[in-house]
Amino acid sequence: MGRGQTIFPSSFDSVSQKTEKATAAAFSQHLPASNPFRQTLTTYLYLAGIETSYGYFAPNVSGSYNLVFELHYPDGRVGYEWPRVNSAAAGLRIAGLLDEIGRTHSDGFREYMVKMVASSIWHEHPEVKTMRAILGSVILPSLRDFERGKAESYEFLYAYDFSLSDESTEPAK
Amino acid sequence: MDAWRGRLLQFLFPVETDRWLTVLRLGLGLQVILYSLSLLNDWNYLFAATGKGLITRNFAEALLSLESRFVPRLGWIVALGAHVGLGEGTVLSAAWICLLAVGCGLVAGLFCRCSAILAWFLHLCAAKSGAFVSYGVDNFMTIGLFYLMLSPLPDRYSLDWRLRKSRPKDPQVLGFWRRVVQLHLCVIYFFSGLTKCLGSGWWDGTNIWRALTRPPFNIIPPEILVGWKYFLPVLGISICLIETGYPVFIWLKKTRMIWLICVLGMHIAIGLTMGMYLFALIMIVLNVAAFGPDFGITEIKGYVGGRKSVPVLARH
């Protein structure tokens, strides 16, 4: 609500943000991480599985993300790869990971996550010389647009270049 | 004041049979088995710390340590294995086998308490070490296994009861733990429903369309969904009403069965139309254990744990 993603008017945002702060205080989030009370409460929340909220697919269903790796081989060949798993159940988990990467507002966190996935791709293709990771979001057509013949599209978000020295360049946007 | 205290105790400690616990044990056992099998070929890939994995487990565990150093994680088990000369891959495989075995133990009702504790611990380790690849099903499995491990096991349909003649130490808290699960579900559905109600897309069917066409949940071809376009807003509003109304209508005798059927139908539909089979199963298990038929809320004739007590399992 505090982020203005609900049907409430924007004037409600500040009230929501204050409520969020009060809730965080109630759960000792304002205390230092090393505080024993916070540690105990946090540990209990994790052990009981109640550390997260229950707003699944709410307030609105967001789009999904796509991460493709462009592999550049020493002989000039170019190949494409993406995170793969062996079952549909594990596929749901990959989708969650891509959402995590796509939604974060932290550039450093996003780059680090992409770099980790890139390193696993590299492990499967050790002969690759350089690699470009392209993160995009999947734009779903609305029902009305779909009826008019519009298909899903992709929006480019970020690109990262990796080389064997494991240094990534500044992301292109 | 005494009357209020009495009512509260009656509510929190109702007389209860252990049939709900049987449902919870069997359901969670099946859930753990299916969870393990669903990750059979990806377990080491998802949870490895070395370069072989998708993302290093160490990062998720480091972030977890910032929150709390006492939350179980696979790194602990791997470190323990390293002490006896076992490699990471071997330890991870052993953890997977153990999880599958305790799932079977729960279904059979063999060494119920140990199986429940181990299932909770191993699953929690995997869920937290793989925090970046976990989703709602992991939270609900943790919740279910947490309550199962604290409940008075074994139940009368377990092999522990029948073969090993083992009996629960505190059967008088059967009703209490069921009540906790019931209340927890009410909180979950209420807030899940409330946050949906606040989104405009749940009132006009947009979010149903988006949820069903969004990869990787797009099992049903959109061409088929278009044929149901007038039904989508009804479906969206129904979900909002079912979830938000859950804490009220699941308690009323006249509406309890209708609401339970609606909720179960909703989860079956989510499982079938979005491919979230494990998520559907865990929610069905929790709902049936908490508010299932024939093990519904018993008439409260007294309460245990207070001044007035009634022998538990008297109905048997």
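Tutor: Let us begin with helix axes, which are lines fitted to C-alpha atoms, for helices over the stretch in contact, with angles that run from 0 to 180 degrees between N-to-C directions. Please keep in mind that this is a predicted model.

Student: At roughly what angle do the axes of H10(B) and H15(B) cross?

Tutor: The two axes cross at roughly 125° and come within 9 Å. Angles of 65 to 115 degrees count as roughly perpendicular and those over 145 as roughly antiparallel, and H10(B) and H15(B) are therefore oblique to each other. The crossing in which H10(B) passes H15(B) is left-handed.

Student: Which residues in H10(B) meet H15(B)?

Tutor: Arg178(B), Val181(B), Gln182(B) and Leu185(B) in H10(B) meet a set in H15(B) that includes Leu286(B) and Phe291(B).

Student: Is H15(B) largely enclosed or exposed?

Tutor: A residue is buried if 20 or more other C-beta atoms lie within 10 Å of its own. Since 12 of the 15 residues of H15(B) are buried, that helix is largely enclosed by the rest of the structure. Its buried residues pack against H3 (88-103) of chain A, together with H2 (19-38), H8, H10 and H14 (253-274) of chain B.

Student: How many residues of chain B are in contact with chain A?

Tutor: In chain B, 52 residues are in contact with 51 residues of chain A. The largest share of that side of chain B, 6 residues, comes from H11(B).

Key. Residues numbered from 1 in each chain as written. Chains lettered and ligands numbered in written order. Predicted model: local features only at pLDDT ≥ 70, side-chain atom pairs only at ≥ 80, totals over all residues. Contact = placed C-beta atoms within 7 Å. Helix = DSSP H or I, 4+ residues; strand = E, 2+ residues; numbered from the N terminus. Parallel < 35°, antiparallel > 145°, perpendicular 65-115°, else oblique. Left-handed = near helix turned anticlockwise from the far one by under 90°.
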